[in-house]
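Dear colleague,

I am pleased to hand over the structure below for your studies. My findings follow it, arranged by topic.

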Amino acid sequence: MANVTVIGAQWGDEGKGKIVDWLAERADVVVRFQGGHNAGHTLVVGDNVYKLSLLPSGIVRGTLSVIGNGVVLDPWHFREEVAKLAGQGVIITPDNLQIAETCPLILPLHRDLDGLREDASGAGKIGTTRRGIGPAYEDKVGRRAIRVCDLAHLDDLGPQIDRLTAHHDALRAGFGEKPIDREELMAQLREVAEFILPYAKPVWLTLNTAKAQGKRILFEGAQGVLLDVDHGTYPFVTSSNTIAGTAAGGSGLGPSAAGFVLGIVKAYTTRVGSGPFPTELEDATGQRLGERGHEFGTVTGRKRRCGWFDAVLVRQSVAVSGVTGIALTKLDVLDGFDELKICVGYTIGDQTYDYLPAHSQDQARATPVYETIEGWQDTTAGARSWAELPAQAIKYIRRIEELIGCPVTLVSTSPQRDDTILVRDPFAD
């Protein structure tokens, strides 16, 4: 049986949580491999709604869940999320959740810096979640991060604190802020260490053992390919690599472990925050998509921008992330439209492109070239087989497959986990 890697193939918010939860029933281990608690995954199970931002979605099913070394971990948020899920009847212990010992920590000083920078950026705001994700990754690369394993050796942390405060105190001074209170920081770390350390494990060993035993591993990506720090709409991106290839480095398994790469794609396009969005609809149609799709960010609560399906961008995501098959979500939101449009290219000035150029100003000036397709009036909501879909909805799906050069593997027709049409089982490959 193959492993499966799930990634978002647009700008995030594609419905990865439901798909991962649906696949987790057949997985032995679920792994988060990048990002932090800026990821928003909503699971609807019967009458229960679970909103996760750091924990792997498999935890709701009780599947062994792993937070890999590629994730930046806010230990205080982790404790809060564990408590919140416990209140919903999901019990999390070191028996069903492991955290990589080498995960860098998001500290209060990272949240401070994130907010200070965003407030001072004026028109240059990126639209971060202000949760300290970017500054924590900077410290990781700068080799001054405090990691989960350091919580067991706090008395030896002096030299690392020196490196950390030397960097951050200079930045804080530039914003007119006081230096970091080292004693307060150490007290905060001591207070949270007791809760975090039981979960700390050499997860690379856990995962390699699972692989050797032939167990099925499900890798859960956060955000989306178009927010990848290298391949996304830079600088309006996240601070990690969101492509499927990161599953290897962010977990401690080799690249062959990625297995079937499932790209999650909405039947239209959304984006939260700033940045280019060629097919954005700032009219009644965009409003209709947002209202019908309940388009508000799980983490931020911000209203999502909405637009027509952009086949050009999804085709790029398929290419750079090695996507094997697509899970098409929220098809039901398109019910009742007389006609639908699909972006098949761009014009920028007097030039036509079949890809989105790299420079942010070119991206901002890109005008979509649309193909129009007839809509459907019957409902797709709750469909669980092709036979339940309107013929025109199937034509829409088939045209998307042609334009992005990738087959549709799953179709999701509501937030409910069982309202899913399985075309090809990713775990069977």
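**Cysteines**

C149 is partly exposed, with a relative accessible area of 25%. Please note that the model is a predicted one. A disulfide is a covalent bond that links the sulfur atoms of two cysteines. How many disulfides does the structure hold? The count is zero. C149 is in no disulfide, and the nearest cysteine sulfur, that of C103, lies 9.8 Å away. C306, by contrast, is buried, with a relative accessible area of 5%. The closest cysteine sulfur to that of C306 belongs to C343, and because the two are 16 Å apart, they are too far for a bond.

**The sheet**

Ten strands form an open sheet with mixed pairing, in the order β7-β6-β5-β2-β8-β1-β9-β13-β17-β18. Its edge strands, β7 (200-201) and β18 (420-422), each pair on one side only. In general, strands of a sheet pair through backbone hydrogen bonds, either parallel or antiparallel. Strands β2 (residues 29-32) and β5 (residues 64-67) run parallel and are joined by four bridges. V29 has L64 as its bridge partner in β5.

**The second largest pocket**

The second largest pocket holds about 680 Å³ of space. Its lining consists of 28 residues, and T42, G293, H294, K330 and P415 lie nearest the centre. Which elements each supply at least two residues of this lining? They are α1 (16-24), β3 (41-45) and β4 (48-52). By type, the lining residues are five nonpolar, 13 polar and ten charged.

Yours sincerely,
A colleague

Note on methods. Residues are numbered from 1 along each chain as its sequence is written. This is a predicted model: local features need pLDDT of at least 70, side-chain atom pairs count only at pLDDT 80 or more; totals for chains, interfaces and linings use all residues. Side-chain values use heavy atoms; hydrogens and water are left out. Two strands pair if DSSP finds at least two bridges between them. On a 1 Å grid over the protein atoms alone, a cavity is a set of points where a 1.4 Å probe fits but cannot get out, and a pocket is an open set with protein on both sides within 12 Å along at least five of seven lines; lining residues have an atom within 4 Å of a point. Grid points are joined across faces, edges and corners, and a volume is the space filled by probe spheres set on the points. Ala, Val, Leu, Ile, Met, Phe, Trp, Tyr, Cys and Pro count as nonpolar, Asp, Glu, Lys and Arg as charged, and the others, Gly among them, as polar. A disulfide is a pair of cysteine sulfur atoms within 2.5 Å. Buried means under 20% relative accessible area, exposed over 50%, partly exposed in between (1.4 Å probe, protein chains only).
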